[in-house]
Amino acid sequence: MPVCSLCPHHCRLEDGGPRGFCHVRLYRDGAFQCGNYGVLTATSLDPIEKKPLARFHPGRTILSLGSYGCNLRCPFCQNFPISQAGSDTFRPLVTPPGAVAREALRLRDRGNLGVAFTYNEPLLSWEYIRDTGALIHAQGQYNVVVTNGCFDAALARELAPIVDAYNIDLKGFTPDWYARLGGDLTTVQAFIVEAVRHAHVELTTLLIPGENDTEEEMDALAAWVASLSPDIPLHVSKFFPRWNMVDRDETPTATVYRLAGVARRHLRSVYTGNC
């Protein structure tokens, strides 16, 4: 059976058979396809800082779109009703790229910068990003992608003409933690390296008590990011119990500030979130 190379799961997909681990990718008529093309489950006009992006046109808004599906299984996911859902959960009301572009242009008077693909894992729908993003660029607006980054670096090269800015979740800095989330640290690092070559990139690390919140791990993470560029912004964020991780308290605010201080040993722009 053909093997999907988009992410480290390398799902074997039968022609006309079930979708992959992500609930999105499928194989039909001899080609890999996006099973949620244009299916939107969430839309909002958000401040750009909410993505979070602190150094990409601050003070502006951006039309934010989400679909369904994800290639990770983070037990603390804030958007699990859509990220962990499949096609049978939603009515397939498709929004074509042209309709998104017209709405993005209509909202320009409200400070709209363009379109952010976010909420679930948008890179599973990379063809929709490609097609919509080309129209967004044609009308002088920008494209943003908020992603877990657990994808083959070739995808960052494929989307280089389209994506202007990324926020990428760097969920920690140990292979074991990533394995527990269904991901792969090395893959994420390679994707970040490639994304930085083509777009504005900011990173987010959500601090989970007892999992990725030691000074040693934050020091290693920030040092690696600084090896790419000390000017890459890092958002250090507070965890709140959610979905399948309600067995621990929220991250102490003092821990967020302390680890942000550790990151500042290496990086010039470190922000605290959810505090």
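Leu45 has Leu63 of strand β4 as its bridge partner. That pairing belongs to a set of six bridges between strand β3 (residues 42–47) and β4, two strands that run antiparallel. Do keep in mind as you look around that this is a predicted model.

**Strand β4 and its neighbours**

- On the β5 side, β4 pairs with residues 112–117 in the parallel sense, over four bridges.
- Ser64 has its bridge partner in β5, namely Ala116.

**How β4 sits in the structure**

- Because six of the six residues of β4 (residues 61–66) are buried, this strand is largely enclosed by the rest of the structure.
- In a regular strand, side chains alternate between the two faces of the sheet.
- Here, Thr61, Leu63 and Leu65 point one way from β4, while Ile62, Ser64 and Gly66 point the other way.
- Both of these sets are buried.

**A look at Ala260**

- You can find Ala260 in helix α8, which covers residues 253–263.
- Is Ala260 buried or exposed? Its relative accessible area is 0%, so Ala260 is buried, given that buried means under 20%.
- Leaving aside residues up to four places away in sequence, Ala260 touches Val236, Val270 and Thr272.
- Val236 lies 24 residues from Ala260 along the chain, yet their C-alpha atoms are separated by 6.2 Å.

Terms used
Residues numbered from 1 in each chain as written. Predicted model: local features only at pLDDT ≥ 70, side-chain atom pairs only at ≥ 80, totals over all residues. Heavy atoms only, no water. Buried < 20%, exposed > 50% of the residue type's maximum accessible area, 1.4 Å probe, protein only. Pairing = 2+ DSSP bridges. Contact = heavy atoms within 4.5 Å.
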